[in-house]
Each structure stands twice: as C-alpha cells, then as structure tokens.
Amino acid sequence: MAKAFKYGLKGITGYLEPAERELLRGLLDDVISMLEPQLSSNEDPLTALIGLDMNVKEPSDRALLRLLPNVMKNDDAASLEFRQLTERSLREGKIGALRATAMGLDRNELVLTPEEAKLWSMALNDVRLVLAERLDIRDEADADHVHAMQDWSQAEDVESYLALVYNFTTWLQESLVQAMMASMDRKS
C-alpha cells in the first residue's frame, strides 16, 4: 500500500507498490498522449524551433481544453493568437514534467529533490485535471460525490473506478505538497 510523501533527513520520500506505480505510469502516459502535438508535414522548422504554432486550434476534447485553456473568455481572436504563440511551449513543459515523473517511477525508492517534487506536483495536477473532467466535476457537490467513493471493492463501473483513481492521485498530490511545505518550513 502506498505511503504518503513526507519530508525528512533524506528529503521528500514516498512509497508506491508496483501496481500503484503501473497505474500512475499509465495515467501519465495517457496525458502525455493527449498533449503531444499533431505534427504537420508543411510546418516551417524555424517557426517550430521558436515555439510558434500557427495551425493550432482550440481543443475539442474538454479534458485537453482544461489543460490548455483559453486565456480570454470573451475574445476568441485574442485567445487564438495567444494559443498560437504559447501552446507549443506549454505542451512541451507539461510533457516534460509528466515524463520526468514517469521516469521517477523506475526507482525503487521515491526520494525527490526539490526540483523533482515540483515536476511531480505539476504532473499529478495535470492527471487530476483530466480525471476531474472525465468525472464531470463542476462544483463542490460533484467533488463530494467523487470523494465518497473510497472502497476499491465497490468499483462497479468506469465512473466509480475513475473516482477511486482520482481520489488516489489527489491524496498522493496532497501528501507531496504537504511534504514540500514542510521542507520549506525547515529551511526558513
């Protein structure tokens, strides 16, 4: 069974069972797949090098839109222009954090440096955003309904299974953030 992250003499440490590692690795890989940009054969290499993507569009998948939101709610043209200038680098940053976290799962002992902890927190947040969208969490009542699912033996359908996975990643991220805060408190 997983053990919460904590801050101690070794730094930020945690423990995941092999099955929990594989579950988390699968979630990370799924979000990476969502975020990988579509490659265009006629893309200008210089434009790609500096991070521009003039062919980008607002994502139709609500979960992807949650990861890559519009910056202007009432101005589609400004949102598209901002998306063209920033989305490629945003995707690359998110994918980098997700991959670093997946690679960290290869170690038997989870001992995170402050930079690794930051990447893990970012990656877990992105996984949770996707799961929250798939579970249609819109308000506190929806969140309470999802958090009520705590027993793996009661998972009867996709929604209840996703709720359990969401609760697990939420717990994991909360323990990580608490450990990060404890490390900052000890340093000051």
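In the predicted model, the largest nonpolar core comprises 43 residues, among which F5 and L24 touch the most other members. At least two residues of this core are supplied by each of helix 1 (18–35), helix 3 (62–67), helix 4 (76–104), strand 3 (110–112), helix 5 (114–134), helix 6 (140–147) and helix 7 (158–187), and the largest share, nine residues, comes from helix 7. Beyond its neighbours within four places in sequence, L24 is in contact with L16, L105, W120, L124, T169 and L172.

The axes of helix 5 and helix 7 come within 9 Å and cross at roughly 150 degrees; because this angle is over 145 degrees, helix 5 is roughly antiparallel to helix 7. The crossing of these two helices is left-handed. On the side of helix 5, the contact is made by P114, A117, K118, W120, S121, L124, N125, V127, R128, L131, A132 and R134, and on the side of helix 7 by L162, V165, Y166, T169, T170, L172, Q173, L176, V177, M180 and K187. By class, the residues of this contact divide into 14 nonpolar, five polar and four charged.

Helix 7 also packs against helix 6, the two axes coming within 9 Å and crossing at roughly 95 degrees, and the two helices are therefore roughly perpendicular to each other. Here helix 6 contributes H145, V146 and H147, whereas helix 7 contributes E159, A163, Y166, N167 and T170; the contact of helix 6 with helix 7 has three nonpolar, four polar and one charged residues.

Key:
Residues numbered from 1 in each chain as written. Predicted model: local features only at pLDDT ≥ 70, side-chain atom pairs only at ≥ 80, totals over all residues. Heavy atoms only, no water. Core = buried A, V, L, I, M, F, W, Y, C linked by side-chain atoms within 4.5 Å. Buried < 20%, exposed > 50% of the residue type's maximum accessible area, 1.4 Å probe, protein only. Helix = DSSP H or I, 4+ residues; strand = E, 2+ residues; numbered from the N terminus. Contact = heavy atoms within 4.5 Å. Axes fitted to C-alpha atoms, helices over the stretch in contact; angles between N-to-C directions. Parallel < 35°, antiparallel > 145°, perpendicular 65-115°, else oblique. Left-handed = near helix turned anticlockwise from the far one by under 90°. Nonpolar A, V, L, I, M, F, W, Y, C, P; charged D, E, K, R; others polar.
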